[in-house]
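Have a look at the sequence and turn the structure around before reading on.

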Amino acid sequence: MTEATMQELVITRVFDAPRELVWRAFTDPDQFAQWFAPVGWSVPRDTVDMDVRVGGHQRFVMVNDEDPAMTSPADGIFSEVVEHELLVGYEEAQGVPGLPDGTRLTLRLEFHDEPGDRTRLVLRQGPFAPEIRSGAEQGWGSSFTKLDALLAR
């Protein structure tokens, strides 16, 4: 896979909740464990460890609901943090199809106010091989459906 064929995933989603609440859902371990991971997967609370600051980390393990032996650990480093506005982090890819091990996989989350006390989230993640990018997009969409339900409570 060449660098020219890699793709960045960009998703814009509006949540029916104030920016501070959406931010908290991404940065509070208790809330994060309740919504993150696509349907069919979960994140046990005891696997979530966050230190939300530049140079801090975010670690967790996604577990397949049908086969708990199937897991997907994540270990990222925050490179930019602006409270209620911006989270940028990265991790070194290991075993990601189409990516050489050690490739820096970046995630950028921008939180914007929208009318009606809502929040527009702009997510950028990559690089991805084209065949993996669509799966990542579906995974985020599924997770965001779970986040909508959490924010509605």
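## Before we start

This is a predicted model, in which local features need pLDDT of at least 70 and side-chain atom pairs count only at pLDDT 80 or more, while totals for chains, interfaces and linings use all residues. Residues are numbered from 1 along each chain as its sequence is written, and side-chain values use heavy atoms, with hydrogens and water left out.

The element names come from DSSP runs, numbered from the N terminus: helices are H or I runs of at least four residues, and strands are E runs of at least two.

## The largest pocket

Rolling a probe the size of a water molecule over the atoms shows where empty space is left. On a 1 Å grid over the protein atoms alone, with a 1.4 Å probe, a pocket is an open set of points with protein on both sides within 12 Å along at least five of seven lines; lining residues have an atom within 4 Å of a point. Points are joined across faces, edges and corners, and the volume is the space filled by probe spheres set on them. The largest pocket here has a volume of about 1,000 Å³. It is lined by 39 residues, and those closest to its centre are Phe36, Met62, Glu91, Leu105 and Gln125.

Which elements give two or more residues to this lining? They are β4 (57-64), β5 (71-82), β6 (86-92), β7 (104-114), β8 (118-128) and α3 (130-152). With seven residues, β5 gives the most. The lining divides into 25 nonpolar, 11 polar and three charged residues. In this count, Ala, Val, Leu, Ile, Met, Phe, Trp, Tyr, Cys and Pro are nonpolar, Asp, Glu, Lys and Arg are charged, and the others, Gly among them, are polar.

## The nonpolar core

In soluble globular proteins, nonpolar side chains tend to be buried together. A nonpolar core is a set of buried Ala, Val, Leu, Ile, Met, Phe, Trp, Tyr and Cys residues joined through side-chain atoms within 4.5 Å. Buried means under 20% relative accessible area, exposed means over 50%, and partly exposed is in between (1.4 Å probe, protein chains only). The largest core in this model has 38 residues, of which Phe26, Trp35, Phe36, Trp140, Phe144 and Leu147 touch the most other members. Two or more residues come from each of β1 (7-15), α1 (19-27), α2 (29-35), β4, β5, β7, β8 and α3. Helix α3 gives the most, with six residues.

Phe144 is found in helix α3 and is buried, with a relative accessible area of 1%. Counting contacts as heavy atoms within 4.5 Å, and leaving out residues up to four places away in sequence, Phe144 touches Ile11, Arg13, Phe15, Phe26, Trp35, Leu121 and Leu123.

## Strand β4 and its partners

Is β4 enclosed or open? Six of its eight residues are buried, so β4 is largely enclosed by the rest of the structure. Strands pair if DSSP finds at least two bridges between them. Strand β2 (residues 41-42) runs antiparallel to β4, joined by two bridges, and Trp41 has Asn64 as its bridge partner. Strand β3 (residues 49-50) is also antiparallel to β4, with two bridges; here Met50 stands opposite Gln58. β3 and β4 form a hairpin with six residues between them, and Gly55 in the turn has a positive phi of about 90 degrees.

Seven bridges join β4 to β5, again antiparallel, and Met62 stands opposite Ser72. These two strands are joined by a hairpin through six residues. At His57, which lies in β4, the relative accessible area is 15%, so this residue is buried. His57 touches Asp49, Met50, Asp51, Gly76, Ile77 and Phe78, not counting residues up to four places away in sequence.

## Backbone details to look for

Ala37 has a positive phi of about 110 degrees although it is not a glycine. Ala37 is found in the loop between α2 and β2 and is buried, with a relative accessible area of 0%. His84, not a glycine either, has a positive phi of about 65 degrees. His84 sits in the loop between β5 and β6 and is partly exposed, at 22% relative accessible area.

Finally, find Pro127 in strand β8.
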